[in-house]
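Let's take a walk through this fold together.

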Amino acid sequence: MSIKIAPSLLSADFAALADEVAKIEDLADLLHFDVMDGHFVPNLTVGPVVVQALRKRTRLPLDVHLMIEAPERSIEAFAQAGSDALTVHVEACPHLHRVIQQIKEAGVRAGVALNPATPLSALDWILEEVDLILVMSVNPGLGGQRFLPFVLRKIEALSRRLEGLPQKPEIAVDGGITVENCREVTEAGATVLVAGSAIFGSPDPRAAIERMRQAVGDVNPENTSRN
């Protein structure tokens with residue numbers, strides 16, 4: 001299986017967002033877009049209007065990560081803006097199954113995210129309902145944090161839980177992903193690497209993605225997300 005690289009736009013230059021995306025358009029598999037409300041997480045970012053504007057400037061799938069309270073109120077707006085996938089947090093959804101169904105009904109892929117200290121048992125009854133599981137390897141809300149080493153065991157445990165499922169969700173990992181640690185993250189079971197500072201904080205974002213692919217042994221990937 002090819003490993004997907006998802007540059008996180010949280011670390012990009014928002015004053016030149018389309019230009020930032022153009023730099024890595026042909027090397028990335030999808031774009032990770034963090035939405036923060038200043039309540040669920042301390043930071044505040046952007047809403048559907050920016051997603052809609054970006055949709056017009058890229059053919060890459062838009063993976064929208066809703067780090068917000070009551071995400072069910074915003075799903076339709078983000079779906080209509082052009083999101084290809086919407087990921088909500090277990091911790092923000094008291095009625096998680098209902099929210100996942102709402103995402104599917106909106107016509108986009110459904111993802112669910114777990115904060116570092118949230119146990120995998122929170123996923124027990126929805127594993128077959130989701131397309132993507134996003135394992136946070138930092139506490140969400142701020143870019144540039146260091147990878148939490150104990151999350152490797154969590155990724156391994158999640159990978160084992162998915163064995164035998166007829167349709168395995170992708171395992172994405174977000175937070176502190178670097179060229180130096182990406183191989184051990186994929187060896188633990190990750191199939192999607194979300195990286196912000198390591199790519200857009202690099203003097204050469206294209207070279208950063210290429211080094212990451214080389215590190216995970218995926219130098220000639222098939223971009224199945226574009227087929």
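Start at the second largest pocket: 13 residues line it, and Lys4, Leu30, Pro61, Arg109 and Glu170 are the ones nearest its centre. Strand S3 (62-67) and S7 are the elements that each give two or more residues to this lining. The space inside comes to about 180 Å³. Keep in mind that you're looking at a predicted model.

Now for the sheet that S3 and S7 belong to. It's an open sheet of eight strands with parallel pairing, and reading across it gives S1-S8-S7-S6-S5-S4-S3-S2. The edges are strand S1 (4-7) and strand S2 (31-36), each of which pairs on one side only. On average, neighbouring strands are turned by 25° against each other, ignoring direction.

Pro7 sits opposite Ala195 in S8. Helix H5 (residues 151-162) packs on the sheet and touches strand S5 (109-114), strand S6 (132-136) and strand S7 (170-174), with its direction about 160° from that of S6. Helix H8 (residues 205-215) also packs on the sheet, touching S1 and S8, and its direction makes about 150° with that of S1.

Last stop: the largest pocket, with a volume of about 270 Å³. Its lining has 24 residues, with Gly143, Gly144, Asp174, Gly175 and Gly176 nearest the centre. S2, S8 and helix H7 (197-200) are the elements giving two or more residues each. By type, that lining splits into 11 nonpolar, 11 polar and two charged residues.

Methods:
Residues are numbered from 1 along each chain as its sequence is written. This is a predicted model: local features need pLDDT of at least 70, side-chain atom pairs count only at pLDDT 80 or more; totals for chains, interfaces and linings use all residues. Side-chain values use heavy atoms; hydrogens and water are left out. Two strands pair if DSSP finds at least two bridges between them. Helices (H or I, at least four residues) and strands (E, at least two) are DSSP runs, numbered from the N terminus. Axes are lines fitted to C-alpha atoms, for helices over the stretch in contact, and angles run from 0 to 180 degrees between N-to-C directions. Contact means heavy atoms within 4.5 Å. On a 1 Å grid over the protein atoms alone, a cavity is a set of points where a 1.4 Å probe fits but cannot get out, and a pocket is an open set with protein on both sides within 12 Å along at least five of seven lines; lining residues have an atom within 4 Å of a point. Grid points are joined across faces, edges and corners, and a volume is the space filled by probe spheres set on the points. Ala, Val, Leu, Ile, Met, Phe, Trp, Tyr, Cys and Pro count as nonpolar, Asp, Glu, Lys and Arg as charged, and the others, Gly among them, as polar.
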